[in-house]
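Okay, thanks everyone, I'll keep this short. Let me put the structure up, and then we'll walk through it piece by piece.

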Amino acid sequence: LANLRSQLQKKDYGIVHLATHATFESGNLEDSYLQLWKEQLALSKVDSLQLSDAELNLLVLSACNTAMGDDTSEYGFAGFAVNAGVPSTLASLWPVSDEGTLGFMSQFYAQLGEASIRVKALQQAQLSMINGDVSIIDGTVYGSAGEAIAHIDTLDESGRWDFSHPFYWSAFTMIGNPW
């Protein structure tokens with residue numbers, strides 16, 4: 001948490017991506033948290049990060065359920081980040097696959113460099129997944145241009161994965177400013 005705060009104070013980042021476990025519990029906001037190395041950041045303490053001062057354009061929360069909310073916290077962590085001053089937040093509505101998220105995020109960032117609107121990058125990444133442009137073959141994750149993104153040793157003998165199913169791409173939503 002101290003390192004995250006320190007990095008945010010540098011104002012060197014337009015985008016911050018937190019790929020960490022999150023738990024959202026309806027009711028008491030202290031029971032909802034993002035896991036940061038050895039400590040937890042409670043949902044009620046997100047504003048203590050002073051995100052509005054960090055000059056962020058986009059916060060990406062690629063863990064499970066980061067856009068889940070209830071009557072007391074609409075859109076969960078993503079909603080709190082937008083309310084705390086981040087113009088846009090990309091987050092998930094339900095548990096996500098680590099492998100599928102790796103492929104999805106690689107496509108999202110590739111599209112983000114080309115799209116003038118963040119939500120368009122989201123749409124294009126989803127279309128890449130739908131069209132089967134992202135896959136895992138025997139542990140290697142391939143992107144839409146057929147390039148190897150990463151190799152996951154534990155999946156060496158896993159065969160071929162198809163990420164066109166909505167489970168892999170439809171959990172991600174963007175809230176806030178789409179530009």
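So, contacts to begin with: take the pairs in the protein chain that sit at least 6 apart in sequence, and 66% of those contacts join residues at least 24 apart. Keep in mind that this is a predicted model. The chain comes to 5 helices and 11 strands, and its C-alpha atoms fill a box of roughly 45 × 35 × 30 Å along the principal axes. Does the overall size agree or disagree with a compact globule? It agrees, because 179 residues would give a radius of gyration near 16 Å, and the protein chain has 16 Å. Buried residues make up 43% of the 179.

Now the inside. The largest nonpolar core has 28 residues, and Leu-8 and Leu-51 have the most contacts within that core. Which elements give two or more residues to it? Those are α1 (2-9), β1 (15-18), β3 (33-36), β5 (58-61) and α2 (76-83). The largest share is from α2, with 3 residues.

Let's zoom in on Leu-51. Setting aside anything up to four places away in sequence, Leu-51 touches Leu-8, Val-46, Leu-56, Ala-81, Ala-84 and Val-86. Then, apart from this core, there's another one of 22 residues, and Phe-104, Leu-122, Met-129 and Trp-169 are among them.

Val-16 and Leu-18 are on its covered face, while Ile-15 and His-17 are on the uncovered one. β1 runs parallel to β5, with 4 bridges between the two, and Leu-18 has Leu-61 of β5 as its bridge partner.

Next up, a sheet. This one is open, with 4 strands in the order β9-β8-β7-β10 and antiparallel pairing. On the edges you have β9 (148-151) and β10 (160-162), each pairing on one side only. From one strand to the next, the twist averages 20 degrees. If you look at β8, residues 140-142, you'll see 3 bridges in the antiparallel sense to β9, with Val-141 opposite Ala-150.

And what packs on that sheet? That's α3, which touches β7 (135-137), β8, β9 and β10, and its direction makes about 150 degrees with that of β9. Helix α3 covers residues 98-112, and its length checks out: 15 residues at 1.5 Å each should span 21 Å, and the end C-alpha atoms are 20 Å apart, which agrees. The buried residues in α3 are Gly-100, Thr-101, Gly-103, Phe-104, Met-105, Gln-107, Phe-108, Gln-111 and Leu-112. Remember that an α-helix has 3.6 residues a turn, so residues three or four places apart point the same way. Phe-104, by the way, is one of the residues in that 22-residue core.

Last stop is Ile-175, over in strand β11, residues 172-176. Buried or exposed? Ile-175 counts as buried because its relative accessibility is 10%, and the cut-off for buried is under 20%. Leaving out neighbours within four places in sequence, Ile-175 is in contact with Tyr-75, Ala-78, Gly-79, Val-82, Pro-87, Ser-88 and Thr-89. One more pair to look at is Ile-175 and Ala-67: they're 108 residues apart in sequence, but 8.8 Å apart in space, C-alpha to C-alpha.

That's what I had, so let's open it up.

Note on methods. Residues numbered from 1 in each chain as written. Predicted model: local features only at pLDDT ≥ 70, side-chain atom pairs only at ≥ 80, totals over all residues. Heavy atoms only, no water. Core = buried A, V, L, I, M, F, W, Y, C linked by side-chain atoms within 4.5 Å. Buried < 20%, exposed > 50% of the residue type's maximum accessible area, 1.4 Å probe, protein only. Contact = heavy atoms within 4.5 Å. Pairing = 2+ DSSP bridges. Expected span 1.5 Å × (residues − 1). Axes fitted to C-alpha atoms, helices over the stretch in contact; angles between N-to-C directions. Rg over C-alpha atoms; globule rule 2.2 N^0.38 Å.
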